[in-house]
Amino acid sequence: IGMARLQVARESWEEALGFYVRALKEVPQREDIHRDAMQMYINLGRPDDAKAQYKALEDHLKKTVGVPPSHESQELLNSMD
């Protein structure tokens, strides 16, 4: 996650995304990391992938804790419309 954030600071979106995706394999419950990955997809002009990331987050939260994504995550999704 730290390496991803370093890449974000350098505006290296593709590299940051790779680190975020790897982090999510280890800690899929981290909603903030899902949002960060969504933002990288947005930065890369890949809104469909950002929406798919949101769906993965939504499914994970529903399955594990029975709650929807946070307002912050929903706002990021809605910012693409």
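**Helix packing and a few telling residues**

User: Which residues is Tyr-20 in contact with, leaving aside its neighbours within four places in sequence?

Analyst: Happy to start here! This is a predicted model, in which local features need pLDDT of at least 70, side-chain atom pairs count only at pLDDT 80 or more, and totals for chains, interfaces and linings use all residues. Residues are numbered from 1 along each chain as its sequence is written, and side-chain values use heavy atoms, with hydrogens and water left out. Taking contact as heavy atoms within 4.5 Å, the partners of Tyr-20 are Ala-4, Arg-5, Val-8, Ile-33, Asp-36, Ala-37 and Met-40.

User: Which residues touch the most other members of the largest nonpolar core?

Analyst: A nonpolar core is a set of buried Ala, Val, Leu, Ile, Met, Phe, Trp, Tyr and Cys residues joined through side-chain atoms within 4.5 Å. Buried means under 20% relative accessible area, exposed over 50%, and partly exposed in between (1.4 Å probe, protein chains only). The core has 16 residues, and the two that touch the most other members are Tyr-20 and Met-38.

User: Which elements give two or more residues to this core?

Analyst: Helices (H or I, at least four residues) and strands (E, at least two) are DSSP runs, numbered from the N terminus. The elements giving two or more residues are helix H2 (13–26), H3, helix H4 (47–64) and H5.

User: How are H3 and H5 oriented to each other, roughly parallel or roughly antiparallel?

Analyst: Axes are lines fitted to C-alpha atoms, for helices over the stretch in contact, and angles run from 0 to 180 degrees between N-to-C directions. The axes of H3 (residues 31–43) and H5 (residues 71–78) come within 10 Å and cross at roughly 10°. Angles under 35 degrees count as roughly parallel, over 145 as roughly antiparallel, 65 to 115 as roughly perpendicular and the rest as oblique. H3 and H5 are therefore roughly parallel.

User: Is Ser-73 buried or exposed?

Analyst: Ser-73 is found in helix H5 and touches residues including Met-38 and Tyr-54. Because its relative accessibility is 0%, Ser-73 counts as buried.

User: Which residue has a side chain joined to that of Ser-73 by a polar contact of 3.0 Å?

Analyst: A polar contact is a pair of N or O atoms within 3.5 Å; within protein, one must be able to donate a hydrogen and the other to accept it, and residues adjacent in sequence count only if both atoms are side-chain atoms. At 3.0 Å, the side-chain partner of Ser-73 is Arg-35.
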